[in-house]
Amino acid sequence: MIGEYMGSKPNIHDSAFIASDAVIVGDVTIDKESNIWFKTVIRGDVAPTYIGKRVSIQDLSMLHQSPNNPLIVEDDVTVGHQVTLHSAIVRKNALIGMGSIILDKAEIGESAFVGAGSLVPPGKKIPPHTLVMGRPAKVVRKLTEEDYQEMERVRKSYVDKGKYYKNHTNL
């Protein structure tokens, strides 16, 4: 369902894949080749949400905001299954692991990897190129070349899957 809220309606690039059971309402921008998967909810009814190019927002995720605090997801980000993003900034090439929660005014650095099930508390700044894990999330180590390769593999596979679903299914 794609809907309007108080005169604001989503701006979704024609090349994006949006699953038919995703809910996207209000002031939401989704750029080219991004993909929004099954049962995901993106409500732009409090502040704007911006999703960049080639972003994957996977199944059962929830994106929302607090007043005057937009949610920004830059280009080439992977957001795993059942993630909550709330008024945060996720810098380009980051990966947010399954079941993680990223709260108001947190900032995930460029090419950072947030491990599955992590909690990034309000205002926390995650350094670029690091692996963070835990509740609350803490830096574990710098990323390796193998980490970057795996992040790129996942990112590319979801862009390709999104294109396939957009062109070959009615989901």
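Start with Ile108: leaving aside residues up to four places away in sequence, it touches Ile89, Val90, Arg91, Ala94, Ile96, Ile102, Val114, Val120 and Ile126, a contact being heavy atoms within 4.5 Å. Keep in mind that this is a predicted model, where local features need pLDDT of at least 70, side-chain atom pairs count only at pLDDT 80 or more, and totals for chains, interfaces and linings use all residues. Residues are numbered from 1 along each chain as its sequence is written, and side-chain values use heavy atoms, with hydrogens and water left out.

Ile108 belongs to the largest nonpolar core, a set of 31 residues in which Ile36, Leu85, Ile102 and Ile108 have the most contacts. A nonpolar core here is a set of buried Ala, Val, Leu, Ile, Met, Phe, Trp, Tyr and Cys residues joined through side-chain atoms within 4.5 Å. Buried means under 20% relative accessible area, exposed over 50%, and partly exposed in between (1.4 Å probe, protein chains only). Strands E4 (23–30), E6 (41–51) and E9 (71–73) each put at least two residues into this core, and E4 gives the most, with 3. There's also a second, separate core of 10 residues, with Phe17, Ala19, Trp37 and Phe38 among them.

Zooming out, the protein comes to 1 helix and 20 strands; these are DSSP runs numbered from the N terminus, with helices (H or I) of at least four residues and strands (E) of at least two. Its radius of gyration is 15 Å, close to the 16 Å the globule rule gives for 171 residues, so it is as compact as a globular protein of that length. That radius is taken over C-alpha atoms, and the rule is 2.2 Å times the number of residues to the power 0.38. The C-alpha atoms fill a box of roughly 40 × 35 × 20 Å along the principal axes, and buried residues make up 46% of the 171. Among contacts between residues at least 6 apart in sequence, 12% join residues at least 24 apart.

Most residues other than glycine have a negative phi, and most peptide bonds are trans.

| Residue | Backbone value | Loop between |
|---|---|---|
| Asn68 | phi about 65° | E8 (62–64) and E9 |
| Gln82 | phi about 55° | E10 (78–79) and E11 (84–86) |

Asn68 is exposed, at 73% relative accessible area.
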